[in-house]
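Dear colleague,

I am handing over the structure below, and after it you will find an account of what was found. Please read the two side by side.

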Amino acid sequence: MKIIVEMLQEYNATKENAVIKLQAKFPQNAGLAAEIVEKYWQEN
């Protein structure tokens with residue numbers, strides 16, 4: 001999941017957009033998407 005979040009960041013996704021994309025790709029874990037993005041999002 002860390003790599004996915006990092007890739008989304010490299011492609012200039014916002015945090016909100018990253019959460020939406022994770023929820024769409026992994027609907028069975030949609031509730032965890034915001035937590036995952038928050039954990040692995042790197043502020044530059």
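Predicted model: local features only at pLDDT ≥ 70, side-chain atom pairs only at ≥ 80, totals over all residues.

Residues are numbered from 1 along each chain as its sequence is written, and side-chain values use heavy atoms, with hydrogens and water left out.

Of its 44 residues, 25% are buried, where buried means under 20% relative accessible area, exposed over 50%, and partly exposed in between (1.4 Å probe, protein chains only).

In H1, the buried residues are Val5, Leu8 and Gln9. Seen down the axis of H1, these buried residues fall within an arc of 100°, so they line one face of the helix; the arc is that of the directions from the helix axis to the C-beta atoms. An α-helix has 3.6 residues a turn, so residues three or four places apart point the same way. The cover over the buried residues of H1 includes H2 and H3, whereas the face turned away from the buried side carries Ile3 and Glu10, which are exposed.

Tyr11 lies in the loop between helix H1 (2-10) and helix H2 (15-25), and it counts as exposed because its relative accessibility is 66%.

Finally, Glu38 belongs to helix H3 (residues 33-40) and is exposed, with a relative accessible area of 53%. The side chains of Glu38 and Lys15 are joined by a polar contact of 3.2 Å, a term that stands for a pair of N or O atoms within 3.5 Å; within protein, one must be able to donate a hydrogen and the other to accept it, and residues adjacent in sequence count only if both atoms are side-chain atoms. Between Glu38 and Leu22, which are 16 residues apart in sequence, the C-alpha to C-alpha separation is 12 Å.

With kind regards

Key: Helix = DSSP H or I, 4+ residues; strand = E, 2+ residues; numbered from the N terminus. Contact = heavy atoms within 4.5 Å.
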